There are 2 protein chains.
Amino acid sequence: MANTALYEAMEQGDFEALSALWLPGDVSCVHPGWPLLRGNGEVLRSYALIMANTDYIQFFLTDVEVSVEGDTALVTCTENILSGGPAEEEGELGPLVGQLVVATNVFRRTGDGWRIWSHHGSPVLTETSEDEDEDGNGDGGRSGI
Amino acid sequence: MANTALYEAMEQGDFEALSALWLPGDVSCVHPGWPLLRGNGEVLRSYALIMANTDYIQFFLTDVEVSVEGDTALVTCTENILSGGPAEEEGELGPLVGQLVVATNVFRRTGDGWRIWSHHGSPVLTETSEDEDEDGNGDGGRSGI
């Protein structure tokens, strides 16, 4: 399914494969913490930028749920991301960073298979029980990571 | 259009109107910074909780763009939110908080009009040029508000 292909293209840094997955035209995309991007040009440029700044990225998808209505598929999933940028030293990998992101991906059925119409990923700003133990402050806020 | 109705129901704290806007069944919802919610029960309970903790909320929508394919409408918009919770003193309004959120809303056409299939809102974690001037650090990170 196209949902897996999206994350595989990201992991492999395969910009051409990723570009081919998107519906031509009026697509939309939100990367975690980013403003809205609309249209193939803007969306694909953002992926080129992300790929250029990412030496290593791996997605562990959980809670994948698919709902299909007519020629539209709505996929939601949790992206457990492990990634690293270029290090200061040449040939080294930058420090690995873990990130918890939830995504809503919308696909349209075309003659060439399912194509991405919209991707929206957002950070889960967790308040863990550990935090509460540490500072004794159960303020219920989700305002910080 | 159902997109405006969603925000009006929130502003008016009208839980019944808000409930009637959702497609019955397999809906999904992400509030800014929250994990994924699926199904009418979970989604509507989250709105009841938000309404109970919100004394005042106003949305100024910008960049509203609609894209329709068959019986599905994809709406993206920027939500400029001004809200306030209950204050410590009874009868007073809590401090007002501004928030910048981007949303992807998916609707299905039904016999009763457009119904919400999915709502995904996420915080825009801005890095302003002011920040860069202050600390001279253009690290390109979007890790903090």
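This short talk goes through a predicted two-chain model, from the relation of its chains to a few single residues.

Let me begin with the conventions: residues are numbered from 1 along each chain as its sequence is written, while chains are lettered from A and ligands numbered from 1 in the order in which they are written. Because the model is predicted, local features need pLDDT of at least 70 and side-chain atom pairs count only at pLDDT 80 or more, whereas totals for chains, interfaces and linings use all residues, and side-chain values use heavy atoms, with hydrogens and water left out.

I will start with the symmetry. In general, two copies of a chain are related by a rotation about an axis and a shift along it.

Now to the interface, where contact means heavy atoms within 4.5 Å. Chain A gives 36 residues to the contact and chain B gives 36 residues, and since 100% of the interface residues of chain A are also interface residues in chain B, the copies meet through the same surface. The area buried between the two chains is about 2,900 Å², with 61% of this given by carbon and sulfur atoms; buried area here is the accessible area, with a 1.4 Å probe, that two parts lose on being put together, summed over both.

Between chain A and chain B there are 15 residue pairs in polar contact, both residues being at pLDDT 80 or more. A polar contact is a pair of N or O atoms within 3.5 Å, where within protein one must be able to donate a hydrogen and the other to accept it, and where residues adjacent in sequence count only if both atoms are side-chain atoms. On the side of chain A that touches chain B, the elements giving two or more residues are β1 (28–30), β3 (56–69), β4 (72–86), β5 (93–110) and β6 (113–123), and the largest share, six residues, comes from β6(A). Helices (H or I, at least four residues) and strands (E, at least two) are DSSP runs, numbered from the N terminus.

Arg38(A) lies in strand β2 (residues 37–38) and Asp26(A) in the loop between α2 and β1, so the pair ties together parts that are twelve residues apart in sequence.

Arg38(A) is buried, with a relative accessible area of 13%, and Asp26(A) is partly exposed at 35%; buried means under 20% relative accessible area, exposed over 50%, and partly exposed in between (1.4 Å probe, protein chains only). Arg38(A) also forms a salt bridge with Glu65(B), the closest N and O atoms being 3.9 Å apart. In the other direction, Glu65(A) and Arg38(B) meet at 4.0 Å, N to O, a pair that crosses from strand β3 of chain A to strand β2 (residues 37–38) of chain B. Glu65(A) is partly exposed at 37%, while Arg38(B) is buried at 12%. Through shared partners, salt bridges join Asp26(A), Arg38(A) and Glu65(B) into one network.

Finally, I turn to helix α1 (residues 2–11) of chain A, whose buried residues are Ala2(A), Asn3(A), Leu6(A), Tyr7(A), Ala9(A) and Met10(A). Seen down the helix axis, these fall within an arc of 155°, so they line one face of the helix, the arc being that of the directions from the helix axis to the C-beta atoms. Just after α1(A), Gly13(A) takes a positive phi of about 60°.

Of these residues, Asn3(A) has a relative accessibility of 4% and counts as buried, and its side chain makes a polar contact of 2.8 Å with that of Asn105(A). Leaving aside residues up to four places away in sequence, Asn3(A) touches Leu61(A), Val64(A), Val75(A), Cys77(A), Asn105(A) and Phe107(A).

Methods:
Salt bridge = Lys/Arg side-chain N within 4 Å of Asp/Glu carboxyl O.
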